[in-house]
Amino acid sequence: MIYWMCLHIRIDQKLLINLIHTSVVSMNQKEETVSLLRALQYKLDFSSQDEIYLSTADCRAISRAIICCSVSDIELTIRDCQVEESGVEELFPVMHKVVFR
């Protein structure tokens, strides 16, 4: 029962983006980023009842996090997000590794 509940916990979107920023600039970037993505079951969900704004720097950090991970088909949910055009361009290099939800 507890395991099932842990699988369905949603992390706050602002906390998630802060964790991603921190992991991609750390000394152990690859290890920390892969551990973060593994803990999130390779799902980056930024959907929210409130519109979330993802800056170019946020999208760059998301892209770097995805590049660090050897897993393909990372789930990225940005349906309720406002993303700058330059932010979308930061995501282009990882489009082949991402499944959008």
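Residues are numbered from 1 along each chain as its sequence is written, and side-chain values use heavy atoms, with hydrogens and water left out. Because the model is predicted, local features need pLDDT of at least 70 and side-chain atom pairs count only at pLDDT 80 or more, while totals for chains, interfaces and linings use all residues.

Helices (DSSP runs of H or I, at least four residues) and strands (runs of E, at least two) are numbered from the N terminus. Two packed helices are described by the angle between their axes and the distance between the axes. Here the axes are lines fitted to C-alpha atoms, for helices over the stretch in contact, and the angles run from 0 to 180 degrees between N-to-C directions. Angles under 35 degrees count as roughly parallel, over 145 as roughly antiparallel, 65 to 115 as roughly perpendicular and the rest as oblique.

Helix α2 (residues 13-25) and helix α3 (residues 29-39) have axes that come within 7 Å and cross at roughly 150°. The angle makes α2 roughly antiparallel to α3. In this contact (heavy atoms within 4.5 Å), L19, I20, S23 and V24 of α2 meet Q29, E32, T33 and L36 of α3. These residues divide into four nonpolar, three polar and one charged. For this division, Ala, Val, Leu, Ile, Met, Phe, Trp, Tyr, Cys and Pro count as nonpolar, Asp, Glu, Lys and Arg as charged, and the others, Gly among them, as polar. T22 also lies in helix α2. Its C-alpha is 9.0 Å from that of E32, and T22 and E32 are 10 residues apart in sequence. With a relative accessibility of 48%, T22 is partly exposed; buried means under 20% relative accessible area, exposed over 50%, and partly exposed in between (1.4 Å probe, protein chains only).

Helix α3 also packs on α4, and the axes of α3 and α4 come within 9 Å and cross at roughly 95°. Residues Q29, K30, T33, V34 and L37 of α3 form the contact with R64, A65 and C68 of α4. Four nonpolar, two polar and two charged residues make up the contact of α3 with α4.

In α4, the buried residues are T56, D58, C59, A61, I62, S63, A65, I66 and C68. The 13 residues of α4 should span 18 Å at 1.5 Å a residue, and the end C-alpha atoms are 18 Å apart, which agrees. The expected span is 1.5 Å times one less than the number of residues.

Side chains of opposite charge can pair when their charged atoms come close. A salt bridge is a side-chain nitrogen of Lys or Arg within 4 Å of a carboxyl oxygen of Asp or Glu, and the count by this rule is one. The side chains of E90 and R60 form a salt bridge, at 3.4 Å from N to O. This pair links distant parts of the chain, with E90 in helix α5 (residues 85-91) and R60 in helix α4 (residues 56-68), 30 residues apart. E90 is partly exposed at 24% relative accessibility, and R60 is partly exposed at 30%.

Q41 has a positive phi, near 55°, and lies in the loop between α3 and β1 (43-45). Q41 is partly exposed, with a relative accessible area of 32%. D73 has a positive phi near 65° and is found in the loop between α4 and β3 (74-77). D73 is exposed, with a relative accessible area of 52%.
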